[in-house]
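I opened this notebook to keep track of what I looked up, one entry at a time. The entries follow the order in which I went through the structure.

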Amino acid sequence: MADQPAGGHAPAGPATAAGPATAAAAGAASAKGAGAEYGVGIGWRPEIAGFVTELPGLRFAEVVAESVHAHGELPSGLEALLARGVTVIPHGVRLSLGGAEPVPGDRIEHFAAVAERLAAPLVSEHIAFVRAGGIEAGHLLPLPRTREAVDAVTANVRRVQRSLSVPIALEPIAALFDWPDDELTEAQFITEILDRTGALLLLDVANVYANARNRGTDPEELLDQLPLDRVAYSHVAGGAEHQGLYHDTHTDAVPQPVLDLVAALCARHRPPALMLERDGDYPPAADLRIELDAIAKASGYPAVT
Amino acid sequence: MTTPRSPGQPGGGPGGLADRQAALVEALTAGRSVPEGFDGFRFEAARVALLRKRAGEVSRQWPMLAAGLGDRWKREFAQWAAARPTQGSLRDGWDFARDLVSRGALPTMAALELAEREASFHYDGQSPPKPRRAPALRAIAGAVVLHAGRSTWIMRRP
């Protein structure tokens with residue numbers, strides 16, 4: 001690798017070549033309960049709350065952090081899951097960790113309070129930005145893969161970590177476009193951020209698939225370059241092609257190539273948990289069960305349906 | 001273009017990450033031109049996908065408005081929203097509905113939904129809507145709604 005990130009941090013490399021920062025992060029995570037195996041889960045949404053509550057084998061779910069009241073009443077479906085002992089992970093979507101502006105203090109406070117409220121063993125957010133110059137983009141936007149962007153993400157993640165008592169996992173996003181001036185490969189960019197923050201990785205298999213397909217690269221090559229021993233859990237979602245580009249919609253069925261990539265990931269290093277992410281156009285319960293079972297089959301975890 | 005500098009946060013220098021992110025968000029949401037060096041086709045695909053997603057979110061907050069426009073919903077909302085950055089889906093739908101009223105184009109099916117909200121909340125179009133304390137009567141396209149205390153009465157359906 002000719003253009004490894006400078007600065008004396010562990011370089012991107014095979015999963016087995018974990019640097020000291022990696023080992024420390026993994027150790028801290030398991031000490032706080034994030035090292036347990038959870039199997040197949042699902043993103044909790046109010047529209048499918050009834051379905052999720054009735055999944056007999058469910059051991060973990062994820063909820064959009066911004067949709068949960070930090071101190072008020074929890075939605076009844078979510079309360080029922082917690083009462084059953086299901087682990088619920090708050091997933092932030094609006095912190096804008098990759099923003100050149102510092103994450104506002106009230107957003108950090110809310111995020112940390114929700115983590116406490118749910119007694120979550122870890123939290124997650126994206127390597128992305130969602131606002132700039134006072135305007136909300138309304139969507140997760142990609143960062144340039146530059147050292148300046150690594151510095152910005154690192155500063156914001158550290159700000160958030162100071163308020164958290166549990167580890168944070170960072171999720172690389174799916175992007176339809178790239179910035180014109182990337183200095184680092186995707187694997188270098190991600191690994192550099194994880195090394196400098198000690199964060200865990202939330203690996204979205206559908207994002208890996210979407211980016212590789214739209215860039216014309218091999219998704220398994222990225223898997224080989226990422227520190228898979230630091231994956232806290234994985235997202236699996238559906239998408240669709242429009243005008244030659246694959247859109248990671250979360251409103252379509254999970255396509256077979258994404259399930260194949262789940263199997264390829266698990267053959268290398270199986271994450272402790274994998275979950276279905278569905279965000280609209282909800283299909284009948286039977287179809288959701290088929291998708292959950294397909295993820296179980298591809299990963300080798302027991303079915304939760 | 002410049003954005004406020006943030007001490008202690010990298011990327012704040014002139015022409016740095018802050019300015020470039022702001023230019024990108026303006027191009028995506030406020031109708032500004034695509035920043036130099038970006039793939040125009042892919043950027044446009046992202047812009048359109050964003051509007052489609054936004055239309056979906058607004059339709060969940062304003063189901064009767066979306067249903068009233070039917071097949072035209074996504075196209076008409078996207079057209080209206082293309083150069084207006086989101087203020088959240090409640091306010092986006094509210095602003096769009098008021099715009100339709102001003103053009104006499106609000107579907108009858110959506111009149112009651114808007115009248116109920118206009119009667120129950122004070123919304124100045126600039127800041128988040130606040131629940132009304134004083135009684136209010138609102139008539140929108142044939143729907144008449146009275147709000148008093150914590151109750152809302154439909155006086156007339158369109």
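This is a predicted model: local features need pLDDT of at least 70, side-chain atom pairs count only at pLDDT 80 or more; totals for chains, interfaces and linings use all residues.

**Helix packing in chain B**

I began with two helices of chain B, where I found that B:Arg54, B:Glu57, B:Val58 and B:Gln61 in α2(B) meet B:Ser89, B:Leu90, B:Asp92 and B:Gly93 in α5(B). Sorting the residues of this contact by class, I noted two nonpolar, three polar and three charged residues.

I then looked up the geometry of the pair: α2(B) and α5(B), the latter covering residues 89-102, pack at an angle of about 85 degrees, and their axes are 8 Å apart. Angles of 65 to 115 degrees count as roughly perpendicular, and α2(B) and α5(B) are therefore roughly perpendicular to each other.

Next I turned to helix α4 of chain B, residues 73-81, which packs with α5(B) at an angle of about 95 degrees, with the axes 11 Å apart. On the α4(B) side I listed B:Trp73, B:Glu76, B:Phe77 and B:Trp80, and on the α5(B) side B:Asp92, B:Asp95, B:Phe96, B:Asp99 and B:Leu100. By class, I have five nonpolar and four charged residues in this contact, and no polar ones.

**Where chain B touches chain A**

How many residues does each chain give to the contact? I have 32 residues from chain B and 36 residues from chain A. For the two chains, I wrote down a buried area of about 2,900 Å², with 65% of it on carbon and sulfur atoms.

I also looked for charged pairs across this contact and found one salt bridge between chain B and chain A. B:Arg20 forms this salt bridge with A:Asp181, and the closest N and O atoms are 2.9 Å apart. The elements that give two or more residues to the side of chain B that touches chain A are α1 (17-29) and α2 (40-61) of chain B. I divided the residues of that side into 15 nonpolar, 10 polar and seven charged.

**Salt bridges over all chains**

Searching the whole structure, I found 22 salt bridges over all chains. One that I followed up joins the side chains of A:Asp151 and A:Arg196, at 2.8 Å from N to O. Because A:Asp151 lies in helix α5 (residues 147-161) of chain A and A:Arg196 in helix α6 (residues 186-197) of chain A, this pair ties together parts that are 45 residues apart in sequence.

Terms used:
Residues are numbered from 1 along each chain as its sequence is written. Chains are lettered from A and ligands numbered from 1 in the order in which they are written. Side-chain values use heavy atoms; hydrogens and water are left out. Contact means heavy atoms within 4.5 Å. Buried area is the accessible area (1.4 Å probe) that two parts lose on being put together, summed over both. A salt bridge is a side-chain nitrogen of Lys or Arg within 4 Å of a carboxyl oxygen of Asp or Glu. Helices (H or I, at least four residues) and strands (E, at least two) are DSSP runs, numbered from the N terminus. Ala, Val, Leu, Ile, Met, Phe, Trp, Tyr, Cys and Pro count as nonpolar, Asp, Glu, Lys and Arg as charged, and the others, Gly among them, as polar. Axes are lines fitted to C-alpha atoms, for helices over the stretch in contact, and angles run from 0 to 180 degrees between N-to-C directions. Angles under 35 degrees count as roughly parallel, over 145 as roughly antiparallel, 65 to 115 as roughly perpendicular and the rest as oblique.
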